[in-house]
Amino acid sequence: METRRPRRGWNKRFVLPLALLCLAVLLPGALLPPSASASSSSPAAGGGSRKRRWVGFDYYVLALQWPGTICRETSNCCDTNGCCRSQPLKWFTIHGLWPQYNYGGWPSCCRPTRFNINKILMLMPILEKYWPSLYCGSSSTCFGGRGPFWVHEWETHGTCAYPEIQDEYDYFSTALYLYSKYNVTKALRKARIRPTSGRKYAVGHIVAVIEYAFGAMPSLVCKNGSVQELRLCFHKDYQPRDCTLEAGSAPNGRSYCPRYVTFPSYKPSVVANTTEGINNQSNGEVPSYMRTSDSE
């Protein structure tokens with residue numbers, strides 16, 4: 001029997017604040033599912049690296065980063081860099097939720113918008129833990145400015161998921177829900193693939209474990225023989241679908257994964273004050289990318 005979905009926005013906007021308290025302690029299953037207004041018509045996924053003007057989209061990619069591959073090369077620490085925390089990150093973190101086209105490429109920077117920090121204030125502790133930036137410095141935004149990592153992801157990708165995703169809250173809470181429900185770190189550990197052990201694992205085995213756990217094939221992006229990203233793909237109704245080979249994942253491509261790969265660990269070089277971020281401005285000023293009509 002098909003169950004009726006709740007009205008759009010009700011389930012997340014009113015139940016999520018309490019669920020977030022659970023997520024901080026026990027991630028799996030803590031967020032409620034987003035509603036969707038459409039579903040993709042084809043299960044075939046497209047690779048490619050082309051950006052296109054927005055004309056809708058066909059499916060999502062949830063890109064997850066393995067921090068060890070990135071953080072082991074960190075040479076500059078700052079308070080916004082998740083690699084510089086006193087305790088190393090031992091789980092996959094979110095890179096972004098990206099609308100994609102079936103025929104290859106993706107839309108970007110689709111709607112001029114001013115990032116509204118007020119819409120995600122309740123999500124901030126969870127974003128800091130599971131969606132941190134792994135670099136110092138600000139990221140480029142769509143219209144000539146620079147801002148924090150989350151602003152970049154929302155402007156570049158989140159604005160292209162309309163009307164399925166309406167605003168900043170929808171975008172970040174949807175990604176957190178998918179990350180929670182399809183817990184890659186937990187699935188790998190259950191299969192005795194323990195990312196911090198320093199061992200080499202067969203790529204085919206990693207892919208098979210995720211496919212068995214979630215019912216769809218992921219894609220991997222590697223750097224120097226180590227897993228840098230693991231990507232899950234979803235229809236527009238948030239059901240898993242197969243990903244396909246990334247454009248740079250062919251032999252000799254820069255993101256090519258060899259037959260056996262590692263999940264490297266790292267030691268933070270500097271203890272940073274991770275309580276600071278885009279929601280904590282020490283001088284009391286509100287940056288332009290965060291201003292709302294109330295702060296102007």
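Predicted model: local features only at pLDDT ≥ 70, side-chain atom pairs only at ≥ 80, totals over all residues.
**Helix H7**

Helix H7 runs over residues 203-214 and has 12 residues. From its first C-alpha to its last, H7 reaches 17 Å, close to the 16 Å expected at 1.5 Å a residue.

Which residues of H7 are buried? They are Val-203, Ile-206, Val-207, Val-209, Ile-210 and Phe-214. These residues lie on the same side of H7, because they cover an arc of only 160° around the axis. An α-helix has 3.6 residues a turn, so residues three or four places apart point the same way. On the other side of H7, Gly-204 and Tyr-212 are exposed.

What covers the buried residues of H7? The cover includes one helix and several strands, listed in the table.

| Element | Residues |
|---|---|
| Helix H6 | 184-190 |
| Strand E7 | 200-202 |
| Strand E8 | 219-223 |
| Strand E9 | 226-234 |
| Strand E10 | 240-241 |
| Strand E11 | 260-262 |

Just after H7 comes Gly-215, which takes a positive phi of about 80°.

Strands E8 and E9, which are both among the elements covering H7, pair with each other in the antiparallel sense over 5 bridges. Cys-222 stands opposite Val-227 in E9. The hairpin has 2 residues between the strands, and Asn-224 in this hairpin takes a positive phi near 55°.

Is E8 largely enclosed or largely open? Of the 5 residues of E8, 4 are buried, so E8 is largely enclosed by the rest of the structure.

Gln-228 is found in strand E9. Its relative accessible area is 19%, and the cut-off for buried is under 20%, so Gln-228 counts as buried. Leaving aside residues up to four places away in sequence, Gln-228 touches Leu-64, Gln-65, Trp-66, Thr-69, Ile-70, Val-221, Cys-222 and Lys-223. One of these contacts, Cys-222, is the residue that stands opposite Val-227.

**Thr-74 in a loop**

Where does Thr-74 lie? Thr-74 is in the loop between helix H2 (67-71) and strand E3 (93-100). With residues up to four places away in sequence not counted, Thr-74 touches Asn-81, Cys-83 and Cys-84. Thr-74 and Cys-84 are 10 residues apart in sequence, and their C-alpha atoms are 8.3 Å apart in space.

Terms used: Residues numbered from 1 in each chain as written. Heavy atoms only, no water. Expected span 1.5 Å × (residues − 1). Buried < 20%, exposed > 50% of the residue type's maximum accessible area, 1.4 Å probe, protein only. Arc of directions from axis to C-beta. Contact = heavy atoms within 4.5 Å. Pairing = 2+ DSSP bridges.
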